[in-house]
Amino acid sequence: MITAMAFCGSWLTAQEAQGADGKLYGDFDGNGTKEYAYVKVSDCGEECEGKCETTVYFSDKNMKPFVIATANGGALYNLGDLNNDGKDDLGFYPSWCTSCWHAFYVYTLNKTGWKHLVPPISTHCSQWEEEKFPITKDPKKKGYVIITSSKFEDDDIKISSKSVKL
């Protein structure tokens, strides 16, 4: 099974992937203290049979875990503070058994818990191979991010980027 971790290299400048210990460090609640996130998979067989849910847990028990359905594990990313709220945002690239198409999920913590910062971003493994990360801060516009996604168009996989206001 190939994950985004296989393609990580020097191109990950604004974001950090979880370490070999499976932990992703960051200040996800904005209190000035680093905590870590990690994932656990439940009810998922070798061929992705079952519910295949991945739960993201945190070392700070005040942060409630959340579930990502149809994911056989995956890679966590500290995306930095994309929305300028003083907290590191979280990215998740799920693993699956059968396809090169995966959504990249971007989460931010608010008063009620974790929510999507942007809608799931469609990616294809060719996008990762070309080292085109799905989301970064737009260096030219405050309050904007650059979203890079994949789509199937004209019998080919097209990768495109656009600046989006948060």
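Thr70 sits in the loop between β5 (66-68) and β6 (74-80); strands are DSSP E runs of at least two residues, numbered from the N terminus. Thr70 is not a glycine, yet has a positive phi of about 55 degrees. Most residues other than glycine have a negative phi. The model is predicted: local features need pLDDT of at least 70, side-chain atom pairs count only at pLDDT 80 or more, and totals for chains, interfaces and linings use all residues. Residues are numbered from 1 along each chain as its sequence is written, and side-chain values use heavy atoms, without hydrogens and water.

Cys48 also has a positive phi, about 65 degrees. It lies in the loop between β3 and β4.

## Strand pairing

Strands pair if DSSP finds at least two bridges between them. β2 (residues 24-26) and β3 (residues 35-42) pair antiparallel over three bridges. Gly26 stands opposite Glu35 in β3.

β3 also runs antiparallel to β4 (residues 53-58), joined by six bridges. Here Val39 has Val56 in β4 as its bridge partner.

## Nonpolar cores

A nonpolar core is a set of buried Ala, Val, Leu, Ile, Met, Phe, Trp, Tyr and Cys residues joined through side-chain atoms within 4.5 Å. The largest has 16 residues; Phe58, Leu90 and Trp114 touch the most other members. β4, β5, β7 (89-94) and β8 (101-110) each give two or more residues. β8 gives the most, with three.

Notes:
Helix = DSSP H or I, 4+ residues; strand = E, 2+ residues; numbered from the N terminus. Buried < 20%, exposed > 50% of the residue type's maximum accessible area, 1.4 Å probe, protein only.
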